[in-house]
Amino acid sequence: MYQDELEQFLQDEVKDHRMYPSDKIWRNINAEVNGHQRWPALSFISLFIISALTVSTLLNINPSQKLLKANSLRQTDPKKLPLQDLKHSPNDFNATAPSDLTANTIANLKRKGNPLEPDLTGLEETPVIALDFSKRAEPITISKTQGSHSTKPALVQETAIVIPMGSLASKELSLEKLNFLAEMNDQATMSAGNTTTESHEQEVVLQTEQTVEPAATKAVKEQQPTDQFLQDFAYVPPTRIEKGKNSKFGFGFFITPSTSYRRLTDDKAKDLLGAAPASAPVGLNYTTDVNSIVRHKPAVGLELGFAVLYNMSNRLKFKTGIQFNTRQYYIETFQASTDITTISLVNNRGVENMSVFSPYNNNNGYKSTQLDNKMYQVSIPIGFQYDVIQGRKLGITAEASIQPTFTLNKSLYLLSTDYKHYANGNSLMRKWNINSAVGINLTYKTGAYQWYLGPQARFQHLPTYSNKYPITEYLMDYGIRLGFIKQLK
Amino acid sequence: MTEQAIIAGCLQNDVAAQRELYNRYSPKMLSVCYRFAQSREDGEDMLQEGFIKVFTQMHTFQNKGAFEGWIRRIIVHTCINFLKKHKKFNESVDLAYADYIQVKEETVPSIMQARQIIECIRLLPLGYRTVLNLYALEGYSHKEIGQMLDIEESTSRSQYTRAKSMLENILIRKQIIEQPKTEFNWLASIKK
């Protein structure tokens with residue numbers, strides 16, 4: 001072969017040769033030239049998380065903790081912290097009027113007697129101990145002369161907090177309220193640098209109140225539930241209340257309506273069959289992307305499942321179970337006269353052609369029709385659930401799982417490798433596959449049940465059909481999961 | 001979509017036009033890249049870099065020549081720069097190596113003749129292959145090749161001659177071409 005002939009031969013043979021790059025090349029180029037594509041779902045998920053966080057924060061306020069904080073601050077510096085910051089209603093003190101309080105106390109003391117108080121008549125002249133929560137609770141100092149009390153100095157500075165008389169109307173005052181009032185008064189007194197004598201006097205009064213309480217009243221009080229006052233103002237010690245230990249196991253059910261999508265790639269087909277029209281039947285429109293040749297529509301699918309959970313830690317749970325899935329998409333095609341079409345299969349020996357009959361033509365026919373590529377699957381999700389936020393009622397969890405999946409049905413249509421027909425693809429369908437799922441849920445606790453709702457995504461990792469079939473198909477589902485979990489006792 | 005419409009669209013950063021251009025020319029250009037590259041992955045990287053240049057340098061196209069030729073030149077230059085950048089030219093290009101090349105059946109898929117020829121070209125040492133690609137298939141002169149590869153023009157000529165000889169041997173061994181009757185004299189003249 002002469003020099004020019006070889007060059008000519010090479011040019012003739014090679015100049016029209018084509019190879020087909022993988023899809024990711026275009027994605028990379030597009031990202032480089034036009035910037036990264038925005039993902040609308042990311043905005044949605046971000047909005048969802050922010051909303052959930054806001055709601056859970058607003059609904060997760062614990063009044064007792066707030067009071068505890070307020071109390072501790074007040075004890076540190078009562079002058080700086082106004083008592084009106086505390087959450088209460090004007091009716092909190094309606095149970096007992098201060099006048100009644102004073103009268104009852106005096107009456108009780110008179111009835112039972114107080115060994116530590118030599119002269120009970122002097123009590124009537126003691127300053128009024130009252131609370132005014134509607135005003136700034138600054139201690140006030142009252143100076144008075146007490147000549148009649150042998151146990152007190154002649155001049156005593158006493159501090160009290162004043163409650164308007166009119167705002168209190170009820171007849172009874174519980175022991176807890178008295179304790180609270182005494183505590184408030186103690187603090188006020190201490191802050192004013194009161195004498196020990198005065199403290200002793202208050203202590204005497206309280207002791208008296210405890211000792212003189214009628215048995216009948218006490219019994220009624222024990223039967224009654226804690227009133228609003230205590231709920232709002234009771235001191236909550238920072239110790240944890242021991243609860244009965246739950247089992248580490250839980251179970252749940254869930255349902256996920258979803259939309260199924262598919263992604264087709266034909267790099268392998270283009271590489272191996274693309275420029276070999278003699279050995280493999282290639283369509284006229286073969287140079288374009290396979291996704292633009294087919295007309296597929298996403299369809300609604302469903303996931304139903306039973307889950308078993310094991311608490312590995314306070315937040316992390318191992319999750320498994322069983323899940324039943326239906327996933328499908330529609331194929332727009334034409335009913336045509338039955339024709340022989342070819343499916344080229346790639347294996348170690350090279351390319352093998354399989355001739356099959358098909359009544360469905362991708363390009364033309366006498367009637368348009370819709371094929372339903374539906375799959376019924378059973379899978380075993382194995383994964384983890386993590387409590388991102390644990391509120392009292394609301395929370396957010398994230399979960400991820402790997403799902404070995406077995407396909408039950410055998411009624412799938414695949415595209416012939418000449419891209420002209422759809423044929424029965426049952427014999428090439430992959431029975432076992434691997435899926436993975438990720439999701440994030442907003443949770444809500446009602447009693448023993450925890451309900452959850454949130455977006456889920458499920459991806460198929462192996463092609464739907466065997467590796468021999470050069471057009472690969474990957475399925476993905478996007479849905480909203482609703483379910484509940486019950487923690488076992 | 002016409003070529004002019006594609007160019008106009010690309011100048012306005014229209015993604016659809018860019019995609020159309022890519023769909024139309026990327027298969028041919030990947031084949032070019034593959035001939036220069038050591039592997040398909042390298043070829044795809046070259047293609048990616050090349051098309052990024054095509055899209056970003058679109059305004060420099062002046063409608064004076066064929067649009068495909070313009071793209072091809074960008075791609076070829078990208079391939080050469082890629083090879084230089086990744087120091088692929090450090091390989092030995094000793095002609096004696098050609099005698100020991102074993103063209104195994106599995107390394108050249110018997111799918112189609114064009115692909116077989118390309119695989120045969122890819123069996124050549126990188127330096128030979130590059131010169132052969134540039135001269136015989138891309139139409140560059142030895143002077144241009146010398147400038148592109150930073151070598152003497154005479155070096156380009158000699159490498160091309162050796163590359164062609166080696167390739168011919170491979171093609172004959174693969175029975176893609178027949179041994180020409182006049183080959184003896186021609187080879188003899190080369191070996192002298």
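Visitor: At what angle do the axes of H3(B) and H4(B) cross, and within what distance do they come?

Guide: Start with the general idea. Two packed helices are described by the angle between their axes and the distance between the axes. In this predicted model, the axes of H3(B) and H4(B) cross at roughly 130 degrees and come within 9 Å.

Visitor: Is the crossing of H3(B) and H4(B) left-handed or right-handed?

Guide: The crossing is right-handed.

Visitor: Which residues make the contact?

Guide: H3(B) brings B:Asp45, B:Met46, B:Glu49, B:Gly50, B:Lys53 and B:Val54. H4(B) brings B:Ile71, B:Ile74, B:Ile75, B:Thr78, B:Cys79 and B:Phe82. By class, the contact of H3(B) with H4(B) has 7 nonpolar, 2 polar and 3 charged residues. As for the spacing along a helix, an α-helix has 3.6 residues a turn, so residues three or four places apart point the same way.

Visitor: How many residues does helix H3 of chain B have, and what does it span?

Guide: H3 of chain B covers residues 40–56, which is 17 residues. From first C-alpha to last it reaches 24 Å, close to the 24 Å expected at 1.5 Å a residue.

Visitor: Which residues of H3(B) are buried, and what do they pack against?

Guide: The buried set is B:Gly43, B:Glu44, B:Met46, B:Leu47, B:Gln48, B:Glu49, B:Gly50, B:Phe51, B:Val54 and B:Phe55. These residues pack against H1 (3–11), H2 (15–36) and H4 (67–85) of chain B. They also pack against helix H2 (23–34) of chain A.

Visitor: How many helices and strands does chain B have?

Guide: Chain B has 9 helices and 0 strands. Its pattern along the sequence is α-α-α-α-α-α-α-α-α. Of its 192 residues, 36% are buried. Take the contacts in chain B between residues at least 6 apart in sequence: 61% of them join residues at least 24 apart.

Visitor: What is the phi of B:Asn13, and where does this residue lie?

Guide: Again, the general idea comes before the case. Most residues other than glycine have a negative phi. B:Asn13 is not a glycine, yet its phi is positive, about 60 degrees. B:Asn13 sits in the loop between H1 and H2 of chain B. It counts as exposed because it has 12 C-beta neighbours inside 10 Å.

Visitor: Is A:Tyr419 buried or exposed?

Guide: A:Tyr419 counts as buried, because it has 22 C-beta neighbours inside 10 Å. Its phi is also positive, near 65 degrees. A:Tyr419 lies in the loop between strands S10 (413–415) and S11 (421–424) of chain A.

Notes: Residues are numbered from 1 along each chain as its sequence is written. Chains are lettered from A and ligands numbered from 1 in the order in which they are written. This is a predicted model: local features need pLDDT of at least 70, side-chain atom pairs count only at pLDDT 80 or more; totals for chains, interfaces and linings use all residues. Helices (H or I, at least four residues) and strands (E, at least two) are DSSP runs, numbered from the N terminus. The expected span of a helix is 1.5 Å times one less than its number of residues. A residue is buried if 20 or more other C-beta atoms lie within 10 Å of its own, exposed if 12 or fewer, and partly exposed in between; C-beta atoms are placed from the backbone. Two residues are in contact if their C-beta atoms, placed from the backbone, lie within 7 Å. Axes are lines fitted to C-alpha atoms, for helices over the stretch in contact, and angles run from 0 to 180 degrees between N-to-C directions. A crossing is left-handed if the near helix is turned anticlockwise from the far one by less than a right angle, and right-handed if clockwise. Ala, Val, Leu, Ile, Met, Phe, Trp, Tyr, Cys and Pro count as nonpolar, Asp, Glu, Lys and Arg as charged, and the others, Gly among them, as polar.
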